[in-house]
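Let's take a walk through the inside of this protein. Have the structure open and follow along.

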Amino acid sequence: MATLKAPITRNDHIRGTVVEYGDYECLHCGLAYPIVNQVLLSFSGRVQFVYRHFPLTEIHPHAEIAAESAEFASAAGLFWDMHDALFENQSRLSVTTIFLIGEELGLPETALRGMPLETGQYRNNVHGDFMGGIRSGVNGTPAFFINGVRNDGPYDYASLVARIQMRSAAATGT
């Protein structure tokens with residue numbers, strides 16, 4: 001059973017005990033995106049959600065740029081806005097789309113292009129997430145950890161809810 005090796009820190013992007021390693025260009029991550037949102041609504045603040053980057057650059061050419069752009073948006077307090085927009089525009093993800101999303105969020109293309117993409121300013125953040133995933137046994141996306149234990153089962157709504165409830169009961173001894 002794989003366990004989460006990279007601890008949750010204040011540098012993580014937290015929404016509310018589920019850690020997802022994802023790739024903005026991964027079709028399965030795109031399918032999981034609305035399910036995760038539905039799960040979070042169901043637990044209404046009782047579940048902490050952490051998203052970590054795991055761009056599969058050999059098969060997804062825009063995944064790294066998308067992840068670095070999300071980190072750039074994070075510096076402006078807009079991580080979740082960029083995260084959501086990237087998944088909502090996944091079917092047409094390109095550098096141009098990323099710049100348009102950034103502009104819609106008030107992040108000018110010149111700042112986005114110059115800061116993170118050309119200088120690689122946020123590459124270490126993304127690489128850190130990726131290496132934490134490798135150490136934790138992630139070998140594909142999406143990869144979910146519930147209370148530190150990798151969910152090797154399906155990630156449909158009912159399965160995730162059942163697994164969260166099971167892991168929460170185990171953690172509290174109920």
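What follows covers the nonpolar cores and then the aromatic pairs.

First, some housekeeping: this is a predicted model, so local features need pLDDT of at least 70 and side-chain atom pairs count only at pLDDT 80 or more, while totals for chains, interfaces and linings use all residues. Residues are numbered from 1 along each chain as its sequence is written, and side-chain values use heavy atoms, with hydrogens and water left out.

Start with the largest nonpolar core, which has 39 residues. A core here is a set of buried Ala, Val, Leu, Ile, Met, Phe, Trp, Tyr and Cys residues joined through side-chain atoms within 4.5 Å; buried means under 20% relative accessible area (1.4 Å probe, protein chains only). Tyr24 and Leu86 have the most contacts inside this core. Several elements supply at least two residues each, among them strand S3 (49–53) and helix H3 (79–88), but helix H1 gives the largest share, 8 residues. Helices (H or I, at least four residues) and strands (E, at least two) are DSSP runs, numbered from the N terminus.

Now for the rings. Phe, Tyr and Trp rings (six-membered ring for Trp) pair if their centres lie within 6.5 Å; planes under 30 degrees apart are stacked, over 60 edge-to-face, and the rest tilted. That gives 12 aromatic pairs. Tyr24 and Phe87 make a tilted one, 5.0 Å centre to centre with 50° between the planes. Tyr24 sits in the loop between strand S2 (18–22) and H1 and Phe87 in helix H3, so the pair ties together parts 63 residues apart in sequence. Tyr24 counts as buried at 1% relative accessibility.

Technical notes
Buried means under 20% relative accessible area, exposed over 50%, partly exposed in between (1.4 Å probe, protein chains only).
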